[in-house]
Amino acid sequence: MQEEKNRQIGMAAAIGACFMWGILPIYWKLLRDASAYEILAHRICWSFIFMLAVIFLFRRGKKFVMDCKEIWQDKKRKQLLLSASLLISVNWLTYIWAVNHDHVIETSIGYYITPLMSVLLGMVIFHEKLILGKKISIVLAFIGIVIMTWQFGQVPWISVILAVSFAIYGALKKKMMMDPITSITLETLLVMPLALVYIGYLWLSGESHFGGMNWALTLFLIGAGIVTATPLILFSQGANLLPLNVLGFLQYIGPTIALFLGVFLFKEVFNWTHMIAFSFIWAALVIFSLSERFAIPQSKPKRKKTVLQE
């Protein structure tokens, strides 16, 4: 009974997170009067403040302090944390810029191929062995990217940067093995000095959109922290309560919603080249998901403690 309840809570949390990620382009469009750099700076600062509030409200202060002490004494984890902070900042900046320059469809492609990019990184960097189905899925996704490159005369850099940055970010997070709330808080803290310097520069130069007469934009800039941290927390909760194959499938909700928003709400161009490329990518995802499903060992695994991670 409790197991079923946990599964329902996990499903609700994960679906909520993926749905929020899917509709996030609508929120960034509300901020398009500000530059992507200004939005990113506020996103970092307000995310950190929001995470501190979460730590206080859920009485996780002792846990946070203990985690910080452990990281401070581990040089390798400190380097991984800094690298993760920079990578997620690049990912956020690329995403915000892309949405506000009418490239929502390309962001959708990027997040569709992220799981496949993670597998490719595992094979190239960590020398992981792949079953045939996953090799085929990577090849099909690559063909989809090649089709768009050939048709448009350039590599779809937005999709590639989003997929590569988030895949490497995920690999770094896996190596850190850190509490999700601690991780998000420290990642934003590390890059916050740069964000504050940029916000100060905008303020002194009179180019800041924060404050002044446009209170709606100011509130939306503050809210950037909430819409950033909330789905991350929900997704972490889902990851703790759901099987990986279910969680992996749910992650396609976000880019699917974004794709429909790009085509039907924002009226971006979706031609036959996109359709053919997406067909290869979707086929790759189907094969990839089936490979994950049927690659589960038939023998009963030994019970062991699981490590909760983001």
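Reader: Which residue forms a salt bridge with Arg77?
Author: Glu70 does, with the closest N and O atoms 3.9 Å apart. A salt bridge here is a side-chain nitrogen of Lys or Arg within 4 Å of a carboxyl oxygen of Asp or Glu. This is a predicted model, where local features need pLDDT of at least 70, side-chain atom pairs count only at pLDDT 80 or more, and totals for chains, interfaces and linings use all residues. Residues are numbered from 1 along each chain as its sequence is written, and side-chain values use heavy atoms, with hydrogens and water left out.

Reader: Arg77, buried or exposed?
Author: Buried, at 16% relative accessibility. Glu70 is partly exposed at 42%. Buried means under 20% relative accessible area, exposed over 50%, and partly exposed in between (1.4 Å probe, protein chains only).

Reader: How many salt bridges does the structure hold?
Author: It holds 6.

Reader: Which residues are linked in a network?
Author: Lys29, Arg32 and Asp102 are linked in a network of salt bridges. Lys29 and Asp102 meet at 2.9 Å, N to O. They sit 73 residues apart, Lys29 in helix α1 (residues 2-29) and Asp102 in the loop between α4 (75-100) and α5 (104-124). Helices (H or I, at least four residues) are DSSP runs, numbered from the N terminus.

Reader: And Arg32 to Asp102, how far apart are the closest N and O atoms?
Author: They are 3.9 Å apart. Arg32 is in the loop between α1 and α2, 70 residues from Asp102.

Reader: How do the accessibilities compare there?
Author: Lys29 counts as buried at 12%, while Asp102 is partly exposed at 41%. Arg32 is partly exposed too, at 40%.

How values were computed
Helices (H or I, at least four residues) and strands (E, at least two) are DSSP runs, numbered from the N terminus.
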